[in-house]
Amino acid sequence: MSFGGLFDGGGGGGGMQFPYAGAFSSSPALSLGLDNAGARDGGIGGRMFADGAGGAMARDAEAQNDSRSGSDHLDAISGVGDDDDDAEPSGSNPRKRKKRYHRHTPQQIQELEALFKECPHPDEKQRAELSKRLSLDARQVKFWFQNRRTQMKTQLERHENALLKQENEKLRTENLTIREAMRTPMCGGCGSPAMLGEVSLEEQHLRIENARLKDELNRVCTLATKFLGKPVSLLSPLQLQPHLSMPLPNSSLELAVGGIGGIGSMQPSMHGMMSEYAGGASSSMGTVITPARATGPALASMVDIDRSVFLELAISAMDELVKMAQTDDPLWVTGSPGFPDKESLNFEEYLHSSQHCIGMKPVGFVSEASRESGLVIIDNSVALVETLMDERRWSDMFSCMIAKATILEEVSNGIGGSRNGALLLMKAELQVLSPLVPIREVIFLRFCKQLAEGAWAVVDVSIDGLLSNQNSAATSAGSNLKCRRLPSGCVMQDTPNGYCKVTWVEHTEYDEASVHQFYRPLLRSGLAFGASRWLATLQRQCECLAILMSSATVSPNEPTAISQEGKRSMLKLARRMTENFCAGVSASSAREWSKLDGATGSIAEDVRVMARKSVSEPGEPPGVVLSAATSVWVPIAPEKLFDFLRDEQLRAEWDILSNGGPMQEMARIAKGHQNGNSVSLLRASAMSANQSSMLILQETCTDASGSIVVYAPVDIPAMQLVMNGGDSTYVALLPSGFAILPDGPSIGSEHKTGGSLLTVAFQILVNSQPTAKLTVESVETVNNLISCTIKKIKTALQCATPEC
């Protein structure tokens, strides 16, 4: 544990000074503890308090001793043995000479204190350099630091003992008061003396429970004060009562699909929209009410781990995250292969300066580190903190990156009703939309801390190091993980212009043996799981919320006017369509898919075919559903490829559902300033009188990290119901689409850079009977559909060359 943040020693006094001086000076109990903590003359023992006249005399004597600085005492101890060579032999002088003590100069003390603030545990190299600069023996420097740490520990213990003694006195006084009241009980109804038997057993149990809860609250506050570095006030029941009794508003916005507007002329705040984005509730003052909830059980291998170890790991990770977010050169250097303006981590400098809080990198793993900063449209950083600390809202915000997220245990829910100090044990599955990149499953701690007014930080760190220290079962569970997150997360700072500055840091070590050669350069560059993708997705989603929040009127560019309720229902349906598409590509545990091997039909090597049986599931047609996905490289820029695939006028060049002709855009809901972020309803023209027209729901998303185009045929009566504001939960659809990523700095010797990695995926109902068996013909049909679609795209873009 580093003391650099807890203590700020003076120039030559060597005494202990606490941060947050304003908070300390306002607490009489704390001031008393600090005054008495210094009442000693260098020994560890000594009295804390002095009472009566004798105590006053003792304080006068101790005040003289306090005129000597704490560092003077350290000087005396660190100088012991310096004059051993000058001592007379024992034979000539039977009485041992009293050893002389060496007192450090003020300049030496100032240098020692300055280094101690930065590094309480200097290594041998630092001590040797300091001793040479100060003309001291290396052993003197070593002893000085040892004694200084001992002094701080002793003073901290004295201070904690003072607080505990005061609370003990309060409880003793309250206990005496209760005993006295029980001796002379009074009837609450008439005021006359009551018999002892009239004090109910329930009331006695409540009093015992009250005493137990007070003791537990004192213990928790003491622990939080020790680890968070600032005092935590004990909240009285009167302070907690308004929060407990605050009613939760009934909001009509369903922002799981992006709410549009409020009632009348009132507009919801961004904070409220983000809260309801995941089904939460927000108060009229913009404060999210977080009710106590039961979390999922932790893994069996974590049962024996002390939860205080979680807190220590989280604090170390937070320190490292803040350092990596705020430090530039030499920790971060500008310029990397293929990205001259991109920051890259100097791993040599990192290994030299980091704490290695989760241990060294496993053999065979590769490192991936990135940092990105930008402005996000959001009310304040608290709204973003609430989204990150709720697993459902977090996964909704980053739905294309997070396949599944679960809170295993809520270790701490914060201090004083806020998220400051909140600590969660989580499990998540991170994804790249390609069957050639396996799911990254990570088990990590998420810790939130308020750095200053309007400044917050949220850090994630894997617990692999803790698992490896447990029994063999835990070690086996940790060894199955192919990825681990070093301290990663974001630092948020409010700005006066309605934005929030976010600095995102991602640092991961993973096994790339199971990653296809196409995607290895992309992953190593940080474009797949790196900070740039997290931040770009966050900016796009917050921009979408801001636009939907301000779109109270119909845009003149929209082909068909849709009511606010219709927009809300249509966005909800599009969101479910995109989530099902992502689940079918990544094959996460969020959906039950059975992977088919090459023995079932002629499945290509790079094509993943999966099947699932849908039985009375809302939003899906009943029967056997096949999902097929593959990824290819095409020598077309990602922007050009995205514009081609989303253009309804060019859809006939690759889509068999278009009936060979152009499609007409019936309705469109913009989700961003760029034209590529929208939800559209397309209609294919009927080729003959006997053929009915068909509607296609399409969602397109694009940002600096990549793009997706997802679509699904929908029933016309069902869409009419949705556009009129009806419930879209039971509208059956099977999504298909494309995911586009840049190919990274290098794709190999046989390909040039500047192309795209294109993922094509289809979900098709092959049989309407859930009990039907899958046939080889069905698998071959889906496989041929993928091959045909890719061939048509290459032909239309004039890139049907052998190297494609």
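Okay, let's start with Thr 508. Setting aside neighbours within four places in sequence, Thr 508 touches Val 366, Ser 367, Glu 368, Arg 440, Cys 483, Arg 484 and Arg 485. The residue sits in strand β10, which runs over residues 499–510. And is Thr 508 buried or exposed? Buried, with a relative accessible area of 2%.

Before I go on, keep in mind that this is a predicted model. The chain averages a pLDDT of 74, and 67% of the residues score at least 70. Two stretches deserve a flag. Over residues 471–479 the pLDDT stays under 50, and the model has 9 contacts there beyond four places in sequence. Then there's 747–751, also with pLDDT below 50, where the model again shows 9 contacts beyond near neighbours in sequence. Where pLDDT is low, the predicted coordinates should not be read in detail.

How many disulfides does the structure hold? The count is 0. Take Cys 490: the closest cysteine sulfur belongs to Cys 500, and at 8.4 Å that's too far for a bond. Cys 490 is buried too, at 2% relative accessible area. Cys 701 is in no disulfide either; its nearest cysteine sulfur is that of Cys 400, 6.1 Å away. For a pair to count, the sulfurs have to be within 2.5 Å. Cys 701 is also buried, with a relative accessible area of 9%.

Now for some helix packing. Two packed helices are described by the angle between their axes and the distance between the axes. Here I'm looking at α19, residues 564–586, and α21, residues 716–723. Their axes come within 7 Å and cross at roughly 130°, so α19 and α21 are oblique to each other. Who makes the contact? On the α19 side you have Gly 566, Ser 569, Met 570 and Leu 573, and on the α21 side Met 719, Val 722 and Met 723. By type, the residues of this contact split into 5 nonpolar and 2 polar, with no charged ones.

Last stop, His 104. Where is it? Look in the loop between α4 (70–78) and α5 (106–118), and you'll find His 104 there. Though it's a loop residue, His 104 counts as buried, at 4% relative accessibility.

Definitions and conventions:
Residues are numbered from 1 along each chain as its sequence is written. This is a predicted model: local features need pLDDT of at least 70, side-chain atom pairs count only at pLDDT 80 or more; totals for chains, interfaces and linings use all residues. Side-chain values use heavy atoms; hydrogens and water are left out. Buried means under 20% relative accessible area, exposed over 50%, partly exposed in between (1.4 Å probe, protein chains only). Axes are lines fitted to C-alpha atoms, for helices over the stretch in contact, and angles run from 0 to 180 degrees between N-to-C directions. Helices (H or I, at least four residues) and strands (E, at least two) are DSSP runs, numbered from the N terminus. Angles under 35 degrees count as roughly parallel, over 145 as roughly antiparallel, 65 to 115 as roughly perpendicular and the rest as oblique. Contact means heavy atoms within 4.5 Å. Ala, Val, Leu, Ile, Met, Phe, Trp, Tyr, Cys and Pro count as nonpolar, Asp, Glu, Lys and Arg as charged, and the others, Gly among them, as polar. pLDDT is the predictor's confidence in each residue, from 0 to 100.
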